[in-house]
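I opened this notebook to keep track of what I looked up in one protein chain. The entries follow the order in which I looked.

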Amino acid sequence: MLADKNIVLGVTGGISVYKMCTVVRLLKKAGAHVRVVMTQSATEFVTPLTFSTLSEEEVIVSLWPKDKHSSTDLGVKHIDLGLWAHAMLVAPATANTIAHLAHGYAEDIISSTVLALRCPLIVAPAMDVDMWENDATQQNVSILKGRGIFIIPPESGELASGLVGAGRLPEPDTIVDYVDDVLEKTPCDLSGKKILVTAGPTHEPIDPVRFIGNRSSGKMGFALATAASLRGADVTLISGPVSLGTPKNVKRIDVETAEQMHNAVLDHFEKTDILIMAAAVADYTPVEVAEHKIKKLGSHAHGISVELRSTSDILHIVAEKKSKQIVVGFALETTNELEHAKQKLEKKNLDMIVLNSTNDKGAAFGTETNVVTIIQKDGTATKLPKKPKFDVAMEILNYLLKLK
Ligand code: CTP
C-alpha cells in the first residue's frame, strides 16, 4: 500500500526519536514519499539534518519563513502538507503533543498540519508509564480515537526512566506495518458519495427537565460517519443527544427529538446517495409537554400517567420516497432476532439491515465493540465476529459498496 504514497511524519521530542530514522528508511524502501516535520524539542534528540538526509526532503521545524523579509515562503506549509498527504504519522507522540492535538492547538508545525489534514492520522504515543496511565492523557487519547484518529498502542517493557510498564514506542517494523494497514483500510472508494448517517438516541420531553430516552451512546453511528469520511465520502451526521466529539471532516447536525431528527433527515435525503439510520429513534413521545416542571403531588399520591403517541417511522417514510438512494437500517432485537430483522428489512423497503442482538456478548449499549449480522435484500445473513465499532463500520461500508 505504501508505494507512491505521500506520508507526513511528525516527530515530537522523546527518547525514542532515534527509532524514527529507521521508520523513514523503511517507508522510503517501500516506495513512499516522506516529508518530516519536527517540534523544536524533537531536534534535541536527533537533528533535522539526519531526517533530511534519510527522507531526501527538506525538514520543517518552524511555521515561519527563514527569510523574514520574504513572503514567498509565508506560513502555508502546514496547509500544503495537509493537502499533499495520503496519511500522517505522529511518532513518537509525547503527552504534551497528544494534549495539543486533542484540544485543537495550532502552535507548531505538527499541530497546525494535523488541523489542516484531509487524510487518516496515526498517532503513536510514547512516554513514561505514569504519564501514559494518567487520566488526563487517557482522556485525551479517547478524544482522538473518537475523532477517528488511529492510535498505535504503546508497548510494555523497560522504559528510559528505568520504570517498567506501558509507554514504549513499538519497533519500526510494527509502526510501518500499522501505517500500511491504515492505508489499506481507508481506500478512497466512497469519494464523491454523499452519505447521511443518524446516530444516538432521541429525547422526548415530558416537562422542561425530564424526558423519555434510551441507552444508545451513538458510538456505532459515529464510527460509521468516521469510517465513511476516511474513505472519501461527503458525510452528514444527524445526532441525537450524545457526549461524543465530531469526527473529522463530518458535518454534524444536533437534534433532540424524533420529530427534529425526522425533519433533518427529510431536509437532506434527496441530495443523499446513501442513508444509514443507526439512531435509536423513540417510537413514542408524550402527547403533551408540561410547560412547567411537574410537581410531586404529596406523600399519598399514587403516581401519574404520561400519555404517549407514536412518532413517525423515519426510515419507513424516507425509504418510500427513495429513487437512487441506498437505504440501510439497524434493528435492535432481544428475541427471534433474525426473523424480526428480516421483517423490518422487508416492511421498511430497505436495501440492507444491520442486526444487533442484546443477547450477544460485546454488543451492549455504550461498549467499544459490537457484534452484528448483516442481512441483505435477498435474505442472506452474515454474522460478523466481535470487533471494535470502527472495524464493524468498515465492514458495513464494504457490504454497502457491493450493493451497487
Ligand atoms: N427507526 C426510525 N424511526 C422510528 C423508529 C425506528 O427511523 N421512529 C429506524 C431506526 O433508526 C432503525 C430501524 O428503524 O434503523 C429499526 O429500529 P428498531 O428500534 O430496531 O425497530 P422499530 O422499527 O422501532 O420496531 P420495534 O421497536 O418494534 O422493534
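Before reading strand partners I noted a definition: two strands pair if DSSP finds at least two bridges between them. I also noted that the model is predicted.

**Entry 1: a pair of strands**

I began with strand 1 and strand 2. They pair in the parallel sense over six bridges. I looked for the partner of L9 and found V36 in strand 2.

Next I asked which residues of strand 1 are buried on each side. On one side they are N6, V8 and G10, and on the other I7, L9 and V11. Six of the six residues are buried, so strand 1 is largely enclosed by the rest of the structure.

Five strands form an open sheet in the order 2-1-3-4-5, with parallel pairing. Strand 2 (33-38) and strand 5 are at the edges with a single partner strand each, so one side of each has no neighbour in the sheet.

At the strand 5 end, I checked the pairing with strand 4 (residues 121-125). The two strands run in the parallel sense and are joined over two bridges. V123 stands opposite I151 in strand 5.

I also looked for a helix on this sheet. Helix 2 (residues 48-55) packs on it and touches strand 1 (6-11) and strand 2. The direction of helix 2 makes about 170° with that of strand 2.

I followed two of the pairings. Strand 8 (residues 194-199) and strand 13 (residues 274-277) run parallel and are joined by four bridges. V197 stands opposite I276 in strand 13. Strand 16 and strand 17 also run parallel, with six bridges between them. There V328 stands opposite M352 in strand 17.

I stayed with strand 17 and checked burial. Six of its six residues are buried, so strand 17 is largely enclosed by the rest of the structure. M352, V354 and N356 point one way, while I353, L355 and S357 point the other way.

**Entry 2: a loop residue**

I looked up L350 and found it in the loop between helix 12 (337-347) and strand 17. Is L350 buried or exposed? L350 is buried, with a relative accessible area of 1%.

Leaving aside residues up to four places away in sequence, I listed what L350 touches: L315, A319, K322, V327, G329, K344, L345 and K377. I also took the separation of the C-alpha atoms of L350 and L121, which is 34 Å. These residues are 229 residues apart along the chain.

**Entry 3: helix 13**

Helix 13 has 14 residues. From its first C-alpha to its last it reaches 20 Å, close to the 20 Å expected at 1.5 Å a residue. Its buried residues are K389, F390, V392, A393, M394, I396, L397, Y399 and L400.

**Entry 4: aromatic rings**

I searched the whole structure for aromatic pairs and found one. The ring centres of F150 and F390 are 5.4 Å apart and the planes are at 85°, so the pair is edge-to-face; planes over 60 degrees apart count as such.

Which parts of the chain does the pair link? F150 is in strand 5 (residues 150-151) and F390 in helix 13 (residues 389-402), 240 residues apart. F150 is buried at a relative accessible area of 6%, and F390 counts as buried at 15%.

**Entry 5: the whole chain**

Last, I took the totals. The protein chain has 13 helices and 21 strands. Of its 404 residues, 50% count as buried. Its C-alpha atoms fill a box of roughly 75 × 55 × 45 Å, taken along the principal axes. Among contacts with a separation of 6 or more, 67% are between residues 24 or more positions apart.

Notes. Residues numbered from 1 in each chain as written. Predicted model: local features only at pLDDT ≥ 70, side-chain atom pairs only at ≥ 80, totals over all residues. Heavy atoms only, no water. Phe/Tyr/Trp six-rings, centres within 6.5 Å; stacked < 30°, edge-to-face > 60°. Buried < 20%, exposed > 50% of the residue type's maximum accessible area, 1.4 Å probe, protein only. Contact = heavy atoms within 4.5 Å. Axes fitted to C-alpha atoms, helices over the stretch in contact; angles between N-to-C directions. Expected span 1.5 Å × (residues − 1).
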